[in-house]
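Open the model in a viewer and keep the selection tool at hand. The stops below say what to select and what is there.

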Amino acid sequence: MSVEKQFLEYVFFAYSAVFLLIFLFVTNVWRRTRRLEQQLSALEGDGEKETR
Amino acid sequence: MRYLRWVILPLWLAALYLALIWVPDERSLGVSYRIFYIHMGVAMSALIVLTVNFVISLLIVFMRGRREQLDHYAQATAEVGLLMTTATLASGMLWAKVAWGAYWTWDPRLTTTAILWFLYAGYLLLREAIDQPQKRIVYSAVYGLIVFIDVPIVYESVRWWSSIHPVVFTESGMNITPQMFIAVLFFFFAMILFSIDLIALRAKQQALREKLERLREKRLGDLGY
Amino acid sequence: MIRSAGWILWKDITLELRGRELLLPAGVFGLVIAMLYGFAFDPSKSGLHGMFPGLLWLGIFFASFLAVGRAFSIEADSAQQLLLAPIDRGALFVAKLALNVLLTLVLAAVMTPAFTVLLQTALPAEVGTFLVIEALGLVGFAAAGTAMGALAAQTRLRELLLPVLLLPFTSPLLLGVVSATSALYGPTPAAASSWIGLIAIFDVIFIVVPALLFEFLTEV
């Protein structure tokens, strides 16, 4: 394998490593926010039922 | 804040185009030096975000008011700072393999950055381990003040000690060509705006969680527990 | 302030002399480390002597770590009473720091001879400088340990969290003491002085910064 191609591979790895890390973090935050919103709406829904 | 996301995406695409295609290859390292752009972008964001964390910790320790809100941002900045530090280490290690022939060397800058990673990982673990909210806010802020000592050391490490790590900002100006500077600037702004957006998102989530907890306690109270 | 610090220190020393809850386990652990090193690295090989400073200091750090981490847990159940007492918060920090320095010094006094015997080395020719390095190094470790122990004592995980909080901080200190000690064994013992400077800077930072911030911890 030529040196040039090997270099290109490392560039690809580095960029994808960073983007993968960021992607994992963002999806984690989004997932948790969605869950919190669900729980919140469920809790508020319960309250309305009781007061009715 | 809503519209920030629509700026970040084109900025990232532009930064990627500039860094990967527009800028010509370097003489000795060839195409591999293009890792520099993303590496520099995440590294600078990491140091800036952690500095913001330090300022927030200062405010929490020495000012009385709005500690809860500030604390959400303390958590968010530490997390994003750790994420950026991880990204810095990951991209740096891959570049080191090409440029120096090994994934890791005990160079001052690498060593201090590794310590930085452990310090902020410890910061987040400390936060997790304290249940009482008031205590968590103040204790983690105090720890945040102490761990920040390492951030200027990371920045200055290449200037203080003989290091094989290249220096970009020197007293005589920037150590790169104007073309490279433009590409780096794009990457830097893309990363820092993205960090701001992430921090805002994470802080909002924290506030949401707190609201949920308060609501839960109130409900339990209403039910007579 | 010095007086109340003295009283707290005296209380802790009396407790320690009666119960021997800190020094005995930590000291035995220190000796066990020396024995395990003896098994893991063949002391009859000459290569070990170059590694001796590193082995010694890692051993002392790990054993001290057990003792230092518990200094604030002594009154884990009665911390409120101690804080209610009309004493300066700084006095509490000074007292705990002094206790930790004493504990680590005793540990090192036991472990250093044991390590030299079991790993078949001798102390460096300049024993005086070596003792200065040891004293300064232990003050630094005790100071950082006191600060982090105060934080860790309030967490759910207690001592389990302490290694993560404390050990990354001590890495420059470890570098300093190991390099200084190695220099004493080397051809130019004078090279140790710049490393001693690094240790001293570490000591000052980790005594002053936590002492200033300690007050805020006791507020909540």
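**A loop in chain C**

Start by selecting Q120(C), which sits in the loop that links α5 (89–118) to α6 of chain C. The model you are looking at is predicted. Check the backbone here: Q120(C) is not a glycine, yet its phi is positive, at about 55 degrees.

**Confidence along chain C**

Next, colour chain C by pLDDT. The average for chain C is 86, and 94% of the residues score at least 70.

**Two packed helices**

Now select helix α2 (residues 23–40) and helix α3 (residues 48–70) of chain C. Their axes are 8 Å apart, and the two helices pack at an angle of about 155 degrees. α2(C) is therefore roughly antiparallel to α3(C), since angles over 145 degrees count as such. The crossing of α2(C) past α3(C) is right-handed.

Show the side chains between them. On the α2(C) side, the residues that meet α3(C) include F29(C), I33(C) and Y37(C). On the α3(C) side, L55(C), F62(C) and L66(C) are among them. Sorted by class, this contact has twelve nonpolar residues, two polar ones and no charged ones.

**Where chain B touches chain C**

Move on to chains B and C together. Chain B gives 18 residues to the contact and chain C gives 16 residues. On chain B, select α4 (108–129) and α5 (133–147), the elements that give two or more residues to the side touching chain C. α5(B) gives the most to that side, with eight residues. The side of chain B that touches chain C has 14 nonpolar residues, along with two polar and two charged ones.

**The three chains together**

Which of the two pairs of chains in contact shares the most contacts? That pair is chains A and B. Chain A and chain C are joined by no contact, and their closest C-alpha atoms lie 22 Å apart.

How values were computed. Residues are numbered from 1 along each chain as its sequence is written. Chains are lettered from A and ligands numbered from 1 in the order in which they are written. This is a predicted model: local features need pLDDT of at least 70, side-chain atom pairs count only at pLDDT 80 or more; totals for chains, interfaces and linings use all residues. Two residues are in contact if their C-beta atoms, placed from the backbone, lie within 7 Å. Helices (H or I, at least four residues) and strands (E, at least two) are DSSP runs, numbered from the N terminus. Ala, Val, Leu, Ile, Met, Phe, Trp, Tyr, Cys and Pro count as nonpolar, Asp, Glu, Lys and Arg as charged, and the others, Gly among them, as polar. pLDDT is the predictor's confidence in each residue, from 0 to 100. Axes are lines fitted to C-alpha atoms, for helices over the stretch in contact, and angles run from 0 to 180 degrees between N-to-C directions. Angles under 35 degrees count as roughly parallel, over 145 as roughly antiparallel, 65 to 115 as roughly perpendicular and the rest as oblique. A crossing is left-handed if the near helix is turned anticlockwise from the far one by less than a right angle, and right-handed if clockwise.
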